[in-house]
Amino acid sequence: MTRSTPLIEALDLTKTYGATQALRGASLRLDPGEILAVTGPSGSGKSTLLHCLSGIVRPDSGSVRYGGEQLDQASETRRSELRRSEFGVVFQFGQLVGELTALDNVALPLLLAGTSRKAAQEGAGEWLERFGVRGQAGLRPGEMSGGQAQRVSLARAMVTRPKAVFADEPTGALDSLAGEQVMTALVHAARESSTAVLLITHDAQVAAYADREAQVRDGAVVSETGAEVTR
Ligand code: ADP
Ligand code: MG
């Protein structure tokens, strides 16, 4: 069985912060359109791995390949351009702009990409609709529930139709019902638009939404299960 060409492939990454070796030879690939859950104990290096794959930080050694590019060697300018246009990122606390309405938060990536104001707001409205928060379009983040704010964050991450979305414990601060609604919305939207998702989670139930799971221990990926065996 042939495996598709990876969208992003990280090989043998190391990253040290002071005396802490956050990554010690971590390798991981993300295939086009797949939903990959990354699990592991707190402090095992999951977030650092996500930061290296999404170009937020550069590894000390090892390589991160995205298409024909070496992300680990790309300039800060190029890496932030990729994060604006081809990747979407969501964190545990959505990090929405507090002064902007939900609609304007989601329109922002489109405006930065040069879309007209009218088209950006139309696009933003559609993504709010898809995530079930169109009714909150005029609210600021502080006026919404945590689950609503995370759905707005996901809409913002998907509005540019990225190749990959990186989500670092997006439901970690939510109760289980809100968490499940956020996950269902993310998985549905990602499948519909063939967006790959790298999803860090502690929650076994959340991991069950994924096509594949990679387990991280002590700065390395120790096990990958799932689609590999069925492809
Ligand atoms: P996880 O997401 O699995 O909890 P992290 O990747 O955040 O793990 O962290 C791995 C290790 O690296 C931890 O010991 C953490 O304290 C350390 N670490 C991560 N980022 C930094 C940083 N920016 N500065 C210092 N230490 C860090
Ligand atoms: Mg983390």
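Let us begin with the surroundings of ligand 1. In this predicted model, the residues around ligand 1 are Tyr17, Thr20, Ala22, Pro41, Ser42, Gly43, Ser44, Gly45, Lys46, Ser47 and Thr48. Sorted by class, this shell holds three nonpolar residues, seven polar residues and one charged residue.

For Thr48, a polar side-chain atom is 2.6 Å from an oxygen atom of ligand 1. Ser47 likewise has a polar side-chain atom, which lies 2.9 Å from an oxygen atom of ligand 1. With Ser44, the atom concerned belongs to the backbone: a polar backbone atom there is 3.2 Å from an oxygen atom of the ligand. As for cover, ligand 1 taken on its own has 550 Å² of accessible area, and the protein covers 59% of that area.

Which elements give two or more residues to the shell around ligand 1? They are the strand β2, spanning 20-30, and the helix α1, spanning 46-53. The largest contribution comes from α1, with three residues.

I now turn to the domains. The domain assignment divides the protein chain into domain 1, made of 1-86 together with 162-231, and domain 2, covering 98-161. Taken over C-alpha atoms, the centres of domain 1 and domain 2 are 24 Å apart. Their contact draws 17 residues from domain 1 and 13 residues from domain 2.

How much area do domain 1 and domain 2 bury between them? The figure is about 1,200 Å², of which 73% is on carbon and sulfur atoms. On the domain 1 side, the residues losing the most area to domain 2 are Arg84, Pro162 and Val182, which together make up 35% of what that side buries.

Note on methods: Residues are numbered from 1 along each chain as its sequence is written. Chains are lettered from A and ligands numbered from 1 in the order in which they are written. This is a predicted model: local features need pLDDT of at least 70, side-chain atom pairs count only at pLDDT 80 or more; totals for chains, interfaces and linings use all residues. Side-chain values use heavy atoms; hydrogens and water are left out. A residue is near a molecule or strand if one of its heavy atoms lies within 4 Å of it. A polar contact is a pair of N or O atoms within 3.5 Å; within protein, one must be able to donate a hydrogen and the other to accept it, and residues adjacent in sequence count only if both atoms are side-chain atoms. Accessible areas come from the Shrake-Rupley method with a 1.4 Å probe; for residues, only the protein chains shown count as cover. Helices (H or I, at least four residues) and strands (E, at least two) are DSSP runs, numbered from the N terminus. Ala, Val, Leu, Ile, Met, Phe, Trp, Tyr, Cys and Pro count as nonpolar, Asp, Glu, Lys and Arg as charged, and the others, Gly among them, as polar. Domain bounds come from an automatic or database domain assignment. Contact means heavy atoms within 4.5 Å. Buried area is the accessible area (1.4 Å probe) that two parts lose on being put together, summed over both.
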